[in-house]
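Welcome! Let us take a walk through this structure together, one step at a time.

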Amino acid sequence: MTEHCAPSEEQDFVTVVTAGQVFGLDLDRVRDVFVPRGLSPVPLAPNEVAGLLNLRGRIVTAVDLRRRLGLGPRHDSAPAVAVGIEERGELYGLVVDGVGEVLRLPRSRCEANPVNLDERWAEICRGVYQLDEGLMVIVDVDKVLAFDRTAS
Amino acid sequence: MDELLGDFLTETGERIDLLEPELVRFEREPNNAEMLNAIFRLVHTIKGTCGFIGLHRLAKLAHAAETLMGQYRDGAPVTVESVSVILSSLDRIKLILSELEKTGAEPMGSDDDLVERLEQLALAQPGANLKPAEFSFVGELGRPLQLGEVSLDELERAWLTAPGPDGLVVAEPANRDLAPRSQTVRISVDMLENLMTTVSELVLTRNQLLDLVRKNGKSEFKSPLQRLSTVTAELQEGIMKARLQPIANAWQKLPRLVRELSLNLGKSIDLELDGGETELDRQVLELIKDPLTHMVRNAADHGIESSEERTRAGKPAMGHVKLRAGQEGGSIVIEVEDDGRGLSAAKIRYKALASHLATQAELNRLSDYEVFSFIFRPGFSTAGEVTEISGRGVGMDVVRANIEEIGGTIELKSTSIAGTIFRIKIPLTLAIMPALIVAAGAQCFAIPQFSVMELVRVGDNSEHQLERINATPVLRLRDKLLPLLDLAELLRLEVDDSPDTKRHDAAPTVVVMQHGRKTFGVLVDSVFHAEDLVVKPMSQLLRDIKMFSGNAILGDGSVIMIIDPNALAAAIAAVDATELKDLFVEVERDAPVAATSLLVFRAAAPMLKAVPLSLITRLEEFEASSIETMDGDELVQYRGALMPIVFFEGQRRRESGMQPVLVFTEADRPMGLAVDEIVDIVEEPLTIEITTDKPGLIGAAIVRGNATEIVDVSHYLAKGVGARLKPGQLATKRDIAVLLIDDSQFFRNMLAPLLEANGYRVTAVGSAEEALVLKERGSAFDLIVSDLEMPGMDGIAFAETLKGDEAWGKIPLVALSSYGSPRLIEQTRNAGFVSHVGKFDRKGLMDTLEECCKKWSCAA
């Protein structure tokens, strides 16, 4: 993990909130932010996939970060926001509870995952920042999208 | 890379691709002046351009090739070797070109090896300056033919006798391809793809607008929208057409492939390409290329026999592989045909058994035709041995997978000893697909129109009712049982399925679909409309879901998933294999007559003769002179022993050449029945129309519209076995009385002599009732062999009757049956049979009887 948090330089993160936890996503990887509307659920899909939606003529696969982290379902009334991610020419939407500001942080302040972090989390997190407002967990975008593709 | 070089690369690449098939044809028709000129011009142009642009390595090589080609143009004879060298030179040129494309410069290295050989060949042409006045068909070399050369006459004859259209077909493509291309613009594939995507979006937007107007009812937008719609459709069609390419592009490399295969395999194979102008979408074209190559390779490697084998079989020494393409509705149909040995059902059965794809019982139930479909199963490869050419573990299953991936189907159209035909059906384009929008649960799905046959509304107010057999839904449609899949169930959708709501009693619809040879119904909650969908591939994350082939955006802007008919067909196969199996057996048995595979042949008379294929062990051919006459019997050495050969009455023995022989095996003893000619293998219900008392014949039947004599094999078998088993030679002469009960005279005639030949005393009757009459009369038997399926009292009922009978109750009963399902075997056992033997399993029957004799110690 340490090679990802190489010293020197700074990195930009988009902060998102899900289930009360602040997460940081690589700004370079985030294409846009949108409200997921008109989701078509995909039968037989892995549990993490929330569905498919049409974003300005492109089909987006929505992946729910809550489900990805093994958290409880979102209340229907609660608003959801999606972070658009382009991966191998395909568009994905990472569905979160809310999107915050963009932070520029020195890489050196990134700390390794605590050893006792939940397995599901450790799989997709590549470090933690201690911020004044609380802890921000850095999410590895590639790993969020790499999950067991068989239906669960 | 500068523009000039870029243009050169594209152009030269295309020219070489054009050249390859020409060269191979040139080898076969060296006196076609027009073609020769065309090839020469091509090489010349490559050389010229290379020199101009400063590519010296290329220029040198092309120059050497041109020199040699120039001599051919001047009338020098073309040899196999020289064509090979020229082809290698082209390969080298391609190699250099690909480096050039990558690095912008010619790679280091020398082509002296090739240049030297080209020059040597050019120098070695004695007729280099011997220029015939015309490129006529009577050109003379002025010297004896060298090794590998054939005379022009011979070539001409071969060319004329080759099937296919006349010489026209040769000249035409050469003209078309090589004529100066006016009025065309070269555009990049990327550009075309972008245009296609843009048009797809336009179609989408139009659909959305149409949807809006549909919802609003009246609207002033209606008529302009109508115009927009028409224009969009035209534009869409135009772009689609621009993406079309002749299928010849996909098989450009095949002539060379076949040429090399025939050299490597030592076979002579002719490749005929028909319908190369048929156009299809370039995306489809790319995807079809590999499967086609694979199939042609298979045909050449496994299908076509060696020249000697072909001559022996009475076929022309040169094998033919034929590719035919054409359009049928919205699909392109491609047929790959060879006139080789055809698929061997026996081999496939054996392989299927060996690779655990099916059990013996399952195989027994399958017709040969059904057995052939095993070649499309993963893990199946028929090649007896792995050759360099094919049989690398990649088989027809991969071909099928590739074709099905693009929504196509592949089937074996026919196979016989005269060859095999595969038929591939693929959609014209993949980008836009007409689909039916249906609802299942609370969601909509799209079903591709191409596989939809009809829609049947079912429910209370409909004449069609849903029925269930052990919870498996079926639909009775025009007297046939249609297996059904419940889409909601298949997709594991949450539906309100409580008994109160009776979801399917509302107004469900059955979408009747056909995929390959399977017809089945898909139960959906409702059907909306048809819509042209712009198909997009599923995301990587979802590609493992076999049920969907892609997704699309509907007119209302929502995303819809497209159901893959392949997955449905696979699902129905799974259902079929479990719950519906017994049901189908029942249906089959109710059918009047099951189909029988018959070998049709001629012998002694012009009238066709036939025998059930299942009785034949092998088809063989023997040199006529190798058949010896001994003590009035004809014998031939076969597998280290002497095999009697029986001739039909009045059949003329061949003086020379090959004698085709049907080999039957009885208790490991082969016997041959000589025939004049094997005509075909057909699969048809066999109904004997006329019975006869003529020895050796069971009667006459109509087979494929021809009156055909059905030969009584047992008659000839008795003759053949008799020839070997002279009295006293019967090793196991025993005093065992066997009662044989079978309603079919054919089987009685076949089995009785067999049993007798094995030392049993046989009484044969045609029904259980007759057998009971014998019992009343006090006849005694040591063993009873009874058919199960008989009109009147069947085998099971007969066995039940005998239970506890004083006289016959203890006689061991052996059941004969053409079916062997576990359920049936259990039934027979319960009824009192000690054993169950397949009808055609003669060895099994003999072994079983032997065992019975030992067990019940009834041997004398």
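Two strands count as paired if DSSP finds at least two bridges between them. Helices (H or I, at least four residues) and strands (E, at least two) are DSSP runs, numbered from the N terminus. This is a predicted model, in which local features need pLDDT of at least 70 and side-chain atom pairs count only at pLDDT 80 or more, while totals for chains, interfaces and linings use all residues. Residues are numbered from 1 along each chain as its sequence is written, and chains are lettered from A and ligands numbered from 1 in the order in which they are written.

With that in hand, look at A:Leu25: its bridge partner in β10(A) is A:Val139. The strands involved are β2 (residues 21-26) and β10 (residues 135-139) of chain A, which run parallel and share four bridges.

Now step back to the sheet around them. In chain A, five strands form an open sheet in the order β8-β1-β2-β10-β9, with mixed pairing. At its edges lie β8 (98-106) and β9 (125-130) of chain A, each pairing on one side only.

Chain A as a whole has three helices and 10 strands. Along the sequence they follow the pattern β-β-β-β-β-α-β-β-β-α-β-β-α.

Finally, turn to the partner chain. Here 19 residues of chain A are in contact (C-beta atoms, placed from the backbone, within 7 Å) with 21 residues of chain B. On the chain B side, α8 (189-216), β17 (548-553) and β18 (559-563) each supply at least two residues. The largest share, three residues, comes from β18(B).

Definitions and conventions. Contact = placed C-beta atoms within 7 Å.
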